Amino acid sequence: QVQLVESGGGLVQAGGSLRVSCVASGSIFSANVMGWYRQAPGNKRELVAAITSGGSANYADSVKGRFTISRDNAKNTLYLQMSSLKPEDTGVYYCNLHQSSWLRPYDYWGQGTQVTVSS
């Protein structure tokens, strides 16, 4: 089992910056993918950015050039540095860890942290 705990959300003005973090604990395999998803009221949960244990990252088009995902494997910690924030970035940000065991995929989720960007 894996536990994910996010922190760092809050209220920020448009154009500002914020960093959210996610600490993972439990049965974490060396090969995995961690990512940040967000969900705004009335919307589906969407992928914001993901990064492999080797450091390869992907971003949603809407955040490219503004957000940076990173991880510290020694600390089992995932980060999302958000800059030039827009009101449409508002939502609950969830940390995700995806790994496989005996070809079975497993997905784990944190409880989410609220990010609110005021105009």
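Which residue in β11 is the bridge partner of Val-12? The bridge partner is Val-117. This is a predicted model, in which local features need pLDDT of at least 70, side-chain atom pairs count only at pLDDT 80 or more, and totals for chains, interfaces and linings use all residues. Residues are numbered from 1 along each chain as its sequence is written, and side-chain values use heavy atoms, with hydrogens and water left out.

**Overall build**

- The chain has 11 strands and 0 helices. Both kinds of element are DSSP runs numbered from the N terminus: helices are H or I with at least four residues, strands are E with at least two.
- The radius of gyration is 14 Å, close to the 14 Å that the globule rule gives for 119 residues, so the chain is as compact as a globular protein of that length. The radius is taken over C-alpha atoms, and the rule is 2.2 Å times the number of residues to the power 0.38.
- Along its principal axes, the C-alpha trace spans about 45 × 25 × 25 Å.
- Buried residues make up 37% of the 119 residues. Buried means under 20% relative accessible area, exposed means over 50%, and partly exposed lies in between (1.4 Å probe, protein chains only).
- Among contacts between residues at least 6 apart in sequence, 53% join residues at least 24 apart. Contact means heavy atoms within 4.5 Å.

**The four-stranded sheet**

- An open sheet of 4 strands runs in the order β1-β3-β8-β7, with antiparallel pairing. Two strands pair if DSSP finds at least two bridges between them.
- β1 (2-7) and β7 (67-72) are the edge strands; each has a single partner strand, so one side of each is left without a neighbour in the sheet.
- Neighbouring strands here are turned by 15° against each other on average, direction ignored. Axes are lines fitted to C-alpha atoms, for helices over the stretch in contact, and angles run from 0 to 180 degrees between N-to-C directions.
- β1 and β3 (residues 18-26) pair over 6 bridges, in the antiparallel sense. Gln-3 stands opposite Ser-25 in β3.

**Strand β11 and its partners**

- β2 and β11 run parallel and are joined by 4 bridges.
- β9 and β11 are antiparallel, with 3 bridges. Tyr-93 stands opposite Thr-113 in β11.
- The covered face of β11 holds Thr-113, Val-115 and Val-117, while Gln-114, Thr-116 and Ser-118 form the uncovered one.
- In a regular strand the side chains alternate between the two faces of the sheet.

**Gln-13**

- Gln-13 lies in β2 (residues 10-13). Gln-13 is exposed, with a relative accessible area of 59%.
- Not counting residues up to four places away in sequence, Gln-13 touches Val-117 and Ser-118.

**The nonpolar core**

- The largest nonpolar core has 25 residues, of which Leu-4, Trp-36, Leu-80 and Met-82 touch the most other members. Such a core is a set of buried Ala, Val, Leu, Ile, Met, Phe, Trp, Tyr and Cys residues joined through side-chain atoms within 4.5 Å.
- Elements giving two or more residues to this core include β4 (33-39), β5 (46-52), β8 (77-82), β9 (91-101) and β11 (113-118). The largest share, 4 residues, comes from β3.
- Leaving out residues up to four places away in sequence, Met-82 has contacts that include Leu-18, Val-20, Phe-67, Tyr-93 and Val-115.
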